[in-house]
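Here is a short report on one protein chain.

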Amino acid sequence: MTLRHPDPAAAGPHTSDLHASGPRPPDPHPLDPLTAEEITEARRVLGEAGKAGAATRFPLVLLDEPDRRTAAAHRAGDPVTRRLRVTLLDAATGVTAEAVVDVTAGALLSYRELDAASEGQAAITFEEYGIVDEVVKADPGWRKAMAERGITAPDALALAVCAPLSAGALAAETDGRPGRRLLRSLTWLRCTPDDSAWAHPVGGLAVDVDVVERRVVRITDTGPVPVPAECGRYEAEFTGPARTGLRPLEITQPEGPSFTLDGHRLSWQNWSFRVDFNAREGLVLHRIAYRDGDRERSVLHRASLAEMAVAYGEAEESRNWVAFLDAGEYSLGRSTNALRLGCDCLGEIRYLDAVLADDLGAPRTLPNAVCVHEEDAGLLWKHTDSFHGDAVESRRARRLVVSFIATVGNYDYGFYWYFHQDGSIGFEAKSTGIVQTAAVAPGAGSPHGTEVAPGLLAPYHQHLFCVRLDAAVDGPANTVEEVDVVPLPAGPGNPAGNAFTARTTPITAAGDGGRLADPALGRRWQITNPAVRNRMGRPVAYTLVPQPGPVLLARPGSAVARRMAYGTKHLWVTRHRTDRRYPAGDHPNQHPGGAGLPSWAVGDESLENTELTLWHTFGPTHLPRPEEWPVMPVDHSGFTLRPTGFFDRNPALDLPRESGGGHCHGQGS
């Protein structure tokens, strides 16, 4: 990632004034994002070793991150060794391989081909999107199915959208040839090249494509359904006169923002952390710490959105397999938007570019991939002292926001890390875009979705986001405790029947690491450091406060449940290992299931006073509404990490009274 100076003419008055920092800051750090030179060097090493040729594709090129101790021990000026983990795909054979390249020494350290039937396959490439569209449209069986639906005109067929959808495990199981590289395709139509295809689904038709052999291997056709005719245009020119009455709302910081960027290290209001971006997860934050007096106190070693599943709930044969892993199968970071000032971000913005590898292993710069800015966050604290002449003290809250937005098919997702002045950390996923659609007989409806326009069904589905949190609360040795609020039984210890207490249960072994939230008990999870005590003699802690919804609703044993097993719990706690990266495994594309968290959260491996990773799953179970068509207002979900005895008192007491800007006014002013 590099800092970028946007074009002022394009961005408006509140733009970054930071000049591009070049391929590598003068003081490199082991956790810095990849540079174009490093990606090019990895491609060169693999080519010279005979592991990459004309047919080789590069679905993922990622930093092979150093372990915690190496990262923590690094000091300015120390030599830095950089290693890259590269996933290779042979487009001619479908073989997936993993390689580790030392780009500092220019050496290939390891290379291994995967058994696709048992280990999964490389993530889907952008090239394969085009292959699916081309192969499906040329297939006589698909054309016959379209003709049976009355769609024969060459112009109409050319405007069809044959979406490249991950096949999951179901296609491989029923095909009889596990290990072949498949994508599945549903069809939508457009009236014009710029029409919204999601308004016109072709019902009852699914096509399986072997993208290596470039041919259709199976068609599922449950029979014609009328294609919805009503358009779903949402652009201003199609939605009638714009409402009036909105006056300008300007957010200005005449003296510039309050945060500073030193290379890739971001500092703000006692917070500091390193900003990274990769092709799979997108935004990654490293070494999150809070300065408490003269101490730099660690909170998290690493934080990222590690996976997200979108699992649909239809029973009909042509669509009962629809379930996607947007990070592991589609590479969320590679799907990131170039952000625009005033639209995606507002205020005094600093943008950061990302350098990623394309399908051929060449570096490409994604401009404005990450947005950094400050926001007013309402009231932070206040008290009116009625015993002292109604004396009032109050402070307004401000938060630092670090965010990115990715588009995967029909959905757009905004991901926001919030850092607060009281020591809290928040994460929010904002889901928007367009609901995926299916066709039904107009007025017939369905028990598995909402008819949002005549004959247009928006199926019920779940978004299961999973955030990876490598804990480091005042050091690497942590323990997680489950905290429930429980009423006490009536009796001598509770004569009035009003008493309740907090019940704390340590999570001590891997086999107990999968947990469900329980709003009736106010359940939350406390990350403690037993070796560090606050002034009350209690272990310092941060508490994960969930906003729980239903876990994965697919039945146990189903193909969806096997592949998305992480979504069956709100929280998993595992012993930290450098090879435990993603909750659904390293290669979930066409994986039969069981990889990742289900294989780690077993047995009696100790989780006490050690290096831990928390995997928190959350997100909406979406029952679409007509008000979410033809484009969906943002749906919010997330969680909070809150200091709990980490500080000895309110850490925001030192905020100054409002002054200078005239924000506090007396009565009647």
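## Overall build

Buried residues (under 20% relative accessible area, with exposed meaning over 50% and partly exposed in between; 1.4 Å probe, protein chains only) account for 53% of the 669 residues in the protein chain. The model is predicted: local features need pLDDT of at least 70, side-chain atom pairs count only at pLDDT 80 or more, and totals for chains, interfaces and linings use all residues. Residues are numbered from 1 along each chain as its sequence is written, and side-chain values use heavy atoms, with hydrogens and water left out.

The protein chain holds 10 helices and 34 strands. These are DSSP runs numbered from the N terminus: helices are H or I of at least four residues, strands are E of at least two. The radius of gyration is 26 Å, close to the 26 Å from the globule rule for 669 residues, so the chain is as compact as a globular protein of that length. That radius is taken over C-alpha atoms, and the rule is 2.2 Å times the number of residues to the power 0.38. Along its principal axes the C-alpha trace spans about 85 × 65 × 60 Å.

Contact means heavy atoms within 4.5 Å. Of the contacts between residues at least 6 apart in sequence, 66% join residues at least 24 apart.

## Cysteines

A disulfide is counted when two cysteine sulfur atoms lie within 2.5 Å. The count comes to 1 disulfide. Cys345 and Cys371 form a disulfide, with sulfur atoms 2.5 Å apart. Cys345 sits in the loop between strand E16 (323-325) and strand E17 (350-357), and Cys371 in strand E18 (residues 363-385), so the pair ties together parts 26 residues apart in sequence. Both Cys345 and Cys371 are buried.

Two other cysteines are in no disulfide. The table gives the nearest cysteine sulfur for each.

| Cysteine | Nearest cysteine sulfur | Distance |
|---|---|---|
| Cys162 | Cys191 | 16 Å |
| Cys343 | Cys345 | 9.6 Å |

Are these two buried or exposed? Cys162 counts as buried, at 3% relative accessibility. Cys343 is exposed, with a relative accessible area of 55%.

## Pro224

Pro224 lies in the loop between strand E10 (215-221) and strand E11 (260-262). Which residues does Pro224 contact, leaving aside neighbours within four places in sequence? They are Glu148 and Arg149. Pro224 and Arg149 are 75 residues apart along the chain, yet their C-alpha atoms are separated by 5.6 Å.
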